Amino acid sequence: MRDCGEVMRTALADFIRDTPEGREAQEILRACVHCGFCLPACPTYQLLGDELDSPRGRIYLMKQLLEGEPVSACTQLHLDRCLTCRACESACPSGVQYGRLLDIGRALTEERVTRTPAALLKRYLLRKLVPHTDRVRALLRVARIARPLLPRQLAAPVSAARAADSRREPWPTAARARRVLLLPGCVQPAVRPAIDAAAARVLDRVGISTLAVDGTGCCGALAHHLSARRETLHQVRRNVDALWPHIEAGAEAVVVTASACASMLSEYGRLLRDDPDYAARAARVAALARDIAQVAAAESEGLAAALRRAAHRQAPGMARVAFHAPCTLQHALQVSGTVESLLTAAGFALTPVADRHQCCGSAGTYSILQPQLSARLLRLKVAALESGTPDLIATANIGCLMHIGGGTSVPVCHWVELLAQRLDG
Ligand code: SF4
Ligand code: SF4
């Protein structure tokens, strides 16, 4: 590796030099000064101790790729092992947009390195099953019957879905002066529909109606992280089309209760910037995209008043909660400490959680595609969450919720469900 402080000189290969991706990659590579501050933040470097499984090492691999050097299955393996958690971006003093570089590097590697038929089939099935709520529901029905035979990482979501069946909760019907749209996504409506209903009730208490928009579906994150560009853009365009009439009618935000999906929505403008039919609308959707934590934080005064009113209706009780901040919330959306403040204001006692910046190992499809590394990260995360003997574990993303639920006997929920319970009295 080069000396710390030396700017990375890159001579891009002809195939990429004069493309938008090439120019973007060049800028990102130039920003990296090889200081290595990102290494301690990287979960895979912490586990494997190999520079090529660190952000700096992967950046170097992608530089070689962009300079036209041969790409091997070894390069692909090190890029595959990346969780896309973006903890390295939070740690980087030079503002290196590692996640964006990884998108470019992975797509190029995918074009150059052929995967085994088994690996291709696994990735194909993930793309064809997970982004479709009806298919997830059908799978869950089958999985319930086969649950005792399933491996842990598949049994956990089944357990979460069983809990959801008995926890369907009402959606407020009062029309409020303010209105937001909600994108339900794909897996969550099948596994935990109670989360979106809880968010709608919380927003109702501060005078905001929530409309779950028909015709939307998966945000596109799964296909995007599997470098399936055409599928990604199809899903993004479908969502833009479905959301747009409601945005034109005056909705003030597009709210998502899974932080991974909120992060993906915030990328819509960039993803469709070269599509003249969609660029402006996609940019508008991205500008309006909010995780529920961002909306709740903006309404904290109204929520405080609603909590005071609700306090008269319920017996005092202070559940101890360990909060897991998903990587997409703290590193991609840069929302840090917000949920903790909201839960504390609602009367929950937060227990200490060490290494809060570290990924739980869920990371979209990572728990399926990299099960050993994912399981090691899960054990570390569960130990950190359980260390303060909480009554509950709360998080902000359905993938983390299901994954952590598979590694602990402590109940795991979305934090907005806790807030809704407090407000419901
Ligand atoms: S990505 Fe950032 S923190 Fe990591 S080596 Fe490059 S400049 Fe340093
Ligand atoms: S995204 Fe996460 S796993 Fe990937 S290099 Fe950065 S810190 Fe490491």
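I looked up the crossing of α12 and α25 and found it left-handed (the near helix is turned anticlockwise from the far one by less than a right angle). The model is predicted, with local features needing pLDDT of at least 70, side-chain atom pairs counting only at pLDDT 80 or more, and totals for chains, interfaces and linings using all residues. Residues are numbered from 1 along each chain as its sequence is written, chains are lettered from A and ligands numbered from 1 in the order written, and side-chain values use heavy atoms, without hydrogens and water.

I then took the packing of α12 (residues 193-205) against α25 (residues 415-424): the angle is about 50 degrees and the axes are 8 Å apart. Axes are lines fitted to C-alpha atoms over the stretch in contact, with angles from 0 to 180 degrees between N-to-C directions. Helices are DSSP runs (H or I, at least four residues), numbered from the N terminus.

Next I checked α4 and α5 (residues 73-80), whose axes come within 10 Å and cross at roughly 140 degrees. That angle makes α4 oblique to α5. This crossing, too, I noted as left-handed.

I turned to ligand 2, which has Cys 42, Arg 58, Cys 82, Cys 85 and Tyr 98 among the residues around it (a heavy atom within 4 Å). Both α3 (43-48) and α4 (55-66) give two or more residues to this shell. By class I recorded eight nonpolar, two polar and two charged residues.

For ligand 1 I found 13 residues around it, with Cys 32, Cys 35, Gly 36, Cys 38 and Cys 92 coming nearest. Its shell has nine nonpolar, three polar and one charged residues.

Notes: Ala, Val, Leu, Ile, Met, Phe, Trp, Tyr, Cys and Pro count as nonpolar, Asp, Glu, Lys and Arg as charged, and the others, Gly among them, as polar. Angles under 35 degrees count as roughly parallel, over 145 as roughly antiparallel, 65 to 115 as roughly perpendicular and the rest as oblique.
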